[in-house]
Amino acid sequence: MELKATHVAVLETADATEARSVDALADDTGEPPESVAGAAFDLAERGLVDVTERVEETVELTAEGESYRDAGLPEVRLYRAARDVGATDAEAVPMGEVIGASDLGDAVDIALANYARKGYGVVDSGEVTADPDADPDDDAEAMALDAVAAGEAVDEDVLGDLERRNLVVVDEHTVRFVELTEDGVTALMEGVEATDAVGQVTPEMLSSGDWQDAEFAEYDVEADADVEYGGKEHVLRQTAERVKDVLVGMGFQEMDGPHADAEFWINDCLFMPQDHPARTHWDQFALDVPPMQDLPEDLMARVEHAHREGVGEDGDGYHSPWGEEMARGVDLRGHTTSLSMRYLSGHEVGELEPPERYFSVEKVYRNDTLDATHLLEFFQIEGWVMAEDLSVRDLMGTFEEFYAQFGITDIEFKPHYNPYTEPSFELFGEHPETGEVVEIGNSGLFREEVLEPLGVECDVMAWGLALERLLMLTHGFEDIRDVHGTLVDLDFLRDEEVVY
Amino acid sequence: MPVVDVDPDELRDLTGHQDKDDEELKDDLFALGLEFEGETEDGAFELEFAPDRLDRLSVEGVARSLRYQYGDDRGVYVPKVNDADWTIEVDDSVPDERPYVTGAVIRDVNLDDDALDSLIQLQEKLHATMGRKRAKGAIGIHDLTMLKGSAVERDDDAADAGETAADVGDDVRVSETNKSISYVGVEPDEDEFVPLDSDREMTPAEVLEEHATGREYADLVSGYERYPAIYDDLGLFSFPPVINGRRTEVSTDSRNLFVEMTGTDQWTIDKMLNVVCYALEARGATVEEVQVEYPDSGVYADDDLVDPGATLVRPNLDVDEKRVAHERIERVLGVALTAEEVVDLAERAGLDATPIDTATGEHPERARERAGSDLPDDPRGSIEGNQATTASADQDADVDAAPTVAGDLVYDVAIPPYRVDVLHALDVVDDLGRAYGFNELEPKSPNVSTTGGRHERSRLERAVRGQLVGLGFQDLLNFHMVAREDNYDRMHVAPADSASAADALGAEPPVTITEPYSEDYEMLRSWALPSLAMVLENNTHRSYPQDLAEIGLVAHVDPDEPTGVREERHVAAVLARADASYEDAKSRLQALARNFDVALETPPTEHPSFIDGRTATVVIDGEPAGVVGELHPKVLVEHDLEVPAVGFEFDLAALE
């Protein structure tokens, strides 16, 4: 059998009757212990040696322990001093007198703390007694210090006391032992030799032509190699890219715009009444910056009119207050529909002529309660189609096409209510893995109260859903907090399957 | 979204469908848009629904919708009401902040425990939704027999009132009533009454301080000079919107009720009143009108909702009307319909539709006949029995190519007074679609062609991320909202007063959230490296090297931006490993610069997060864009790191 040189050395040094420690083998072979351990594990995998582990304890005196071993434990010295100045169990002596006689210095507190515990006497009201029956020469801790110094065994309880007093350090470490197996003995008897075959193809070998005579060492090609993670895109980002690919393929253009925006674009354009419950700090994040001045005045007037009076001949507005001040307040956007409003208004990329398709997959912010399925910031997939004469059936067809790309089929449309779309639908689809029917989005045709102020004279249908929800559906994740944010486990990202 | 608790047995009683089992009911409710969320301890369904159909906030309202769905009821229903016997006189002392009131008398109500529970629930749910937690509208329901009203003196007033035409759609049938109560404003400690759930007299001010309900709603009125109060001959009996008096408390023994509502908007409280009246009427009670007499002066002088001195008769059960074009219905639903079908769908939605041909001015009945004549013999008969077949047959026809009816056909659609959600003709179309069954519609792809594409910034970001991954970085995705401490303090960076005064990347002034969820999310991060440092901190138990990168949003306050917030995308990366050195970071930075064909310079600089002498400004094409260096040990220790880390961060736009 041919083995690497280190492996041969370890095999030859190991014993079939006695388990020898890695350190001992390292001494004998002259190889570093890490190499010996590595070789031992390799050999163990081939069944040639057994590797066993044992936890060993070493005890060493601390500097303080060492000093007490020389000078005596402080409480012992205190006792001797007390006896010297005449204290007995009946005769208490003033503390000052004892301390003066003891010459303990800084160790007085330590002495007092241990004095009574060990039965040398009582410290009370500034006076010290000393039990004449106590034997300072038989102090278990003092003797234990000597024993530790001599490397002898010490009673566990006493050792515990010393450790608490920080006089000794107890260190546990694992010692590995290597023993030849029967296969190992057989292999040795059959003969093992260190391979002198070529390990590495070198440039010299190539230029000299030596490679022609070389014998290449056989590798264990089945063994696991070192772990290499390499770079990888975040799994949620991969999903976002996948969604973008699908939407671009369906003819959608990507939108871009501010995360912090005026409530005007976020809510007022969407015909959300200003006293709508979702427009409080309970649902959205207001920012501590001045009101936004740069808003199109004519559009704002039309939006205000839609809110107050409605749109169309017999349209009604809301019976809710409306004020510019609120519209100019800057918030973190609660949906990327603020971008849709900016684009549809013509203020982002100029007036749009139907047909158009636009999308965005970007962050939105909501003041929700954090839990396994809710984050304060998440990615919203938003898409809309602008065309003459769009019907509910067009909307349904578009969404079926989109969701089918992610394996979600049999979409049901549950009539729903949004302030900004009518008709509106919550979308339900079948989970590709579990078969469960789950909510997958919200959709509808934009209301005339939204479109008319924006100057849009054709139909616009829109839908949105959380990217994280799509990810959880397609990956079966149960807690979104494991994926998104600084609490992410690197090994989770390293091990997660790539999305394509 | 609102949740309403509905006892399925009551639903069976009120719909008359005893044969429906629970599962059938749940399916029928889902079709209405009411989702079964669970059951209460008493076995009632907890039903969640979108906040448009607030008339469904009680079992009576849900039952009414089911009866339309089952076809038991058709068309608009308006209950008969008796003439007013009571008047609410509004005094000009009433608080300016809450000047509106409405009301109705309900007679011969049979309030068993279930009915009383339902009424209380409806009241609470209306408060929570339309009433905006009682701020916009608050409901008080009283036992009428406990009220004592004096006869109303009325001579000239009645004549004046008859001439007023308020904007809120009241009719002007003003009659002499016998009894009155008054809605007034009182000084906080002017008078006393015994509130509900109490056994002693308190002033309104004491209620706000000492009564549990008072404390809960104190914020609504604490800014008022005078508090709203309602009096009868015996004295103060209600302190809206906070609490009623105990004297008029409603119990299962109550047979006649006085319902009053106060608020900041007449339309809102009138609609809330309608919902309550319809619910009680569905249980067999009779609704009796109440007159509301507003004073000539006070806030009404410059009010566009109620004219000064107006007398309203409430509840206002006028039927609203919307005109809907036939063409619009077909366009939105994407199916061809006959006029007969539209009328049928409207009736099944609890509406009434009258067809009118605007071109000929034809009599509605004639138009209906003409439209119907285009149809097979019995168009209506097929709808209930074979709706799906009919629907798909219609969908095969091209709507535009073969209009079923003339393009000038419109409908005047009557909307019942309990509906609060019909603002536009489109809302009627939605109702018709629901009655038709949206899921009966066959999806199709829109026949329009567009070209797709990515935004330039998004393409750049993807390309740079691809390079980072190629250089071995694990891409990260962190939150934009962070703790101030994490963004500045733990990086040893101090925030500057202005962006121009910031002497180090990350030191720009924070965009803070006025009412954050918690201290962990109190500002937008001004740079991205703190997020990466936190990921390192949370993964010290994972194997090294840990090479992490992120391209993400950062922001700071900048008065020159339209929003006041400067938003940038930053490229940030760290390399944490036992032998990490400045060169590791610099070499990756060079690779990026090379791949995006930009000139990179790294003149030395100082940054409090990095080690002096091992820190440089990232200068791209001559413009400072970021920082690169070895993280300072104090930052490493702060994040419990036991290996060195190097990193860089710069503005993505520099690679454009």
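**View 1. B:Asp197 in the loop between strand E7 (179-186) and helix H6 (204-210) of chain B**. In this predicted model, the backbone at B:Asp197 has a phi near 55 degrees, which is a positive value in a residue other than glycine. With a relative accessibility of 67%, B:Asp197 counts as exposed, because the cut-off for that class is over 50%.

**View 2. B:Asp621 in the loop between strand E24 (610-620) and strand E25 (623-631) of chain B**. Although B:Asp621 is not a glycine, its phi is positive, at about 50 degrees. The relative accessible area of B:Asp621 is 48%, so this aspartate is described as partly exposed, a class that lies between buried, under 20%, and exposed, over 50%.

**View 3. A cis peptide bond between A:Glu422 and A:Pro423**. The close-up shows the bond that joins A:Glu422 to A:Pro423, for which the model gives an omega of about -10 degrees. The proline of this pair, A:Pro423, belongs to strand E15 of chain A, a strand that covers residues 421-430.

**View 4. A cis peptide bond from B:Tyr544 to B:Pro545**. Here the view turns to chain B, where the bond leading from B:Tyr544 to B:Pro545 is cis and has an omega near 5 degrees. B:Pro545 is found in a loop, with helix H17 (529-537) on one side and strand E21 (546-557) on the other.

Note on methods. Residues numbered from 1 in each chain as written. Chains lettered and ligands numbered in written order. Predicted model: local features only at pLDDT ≥ 70, side-chain atom pairs only at ≥ 80, totals over all residues. Heavy atoms only, no water. Helix = DSSP H or I, 4+ residues; strand = E, 2+ residues; numbered from the N terminus. Buried < 20%, exposed > 50% of the residue type's maximum accessible area, 1.4 Å probe, protein only.
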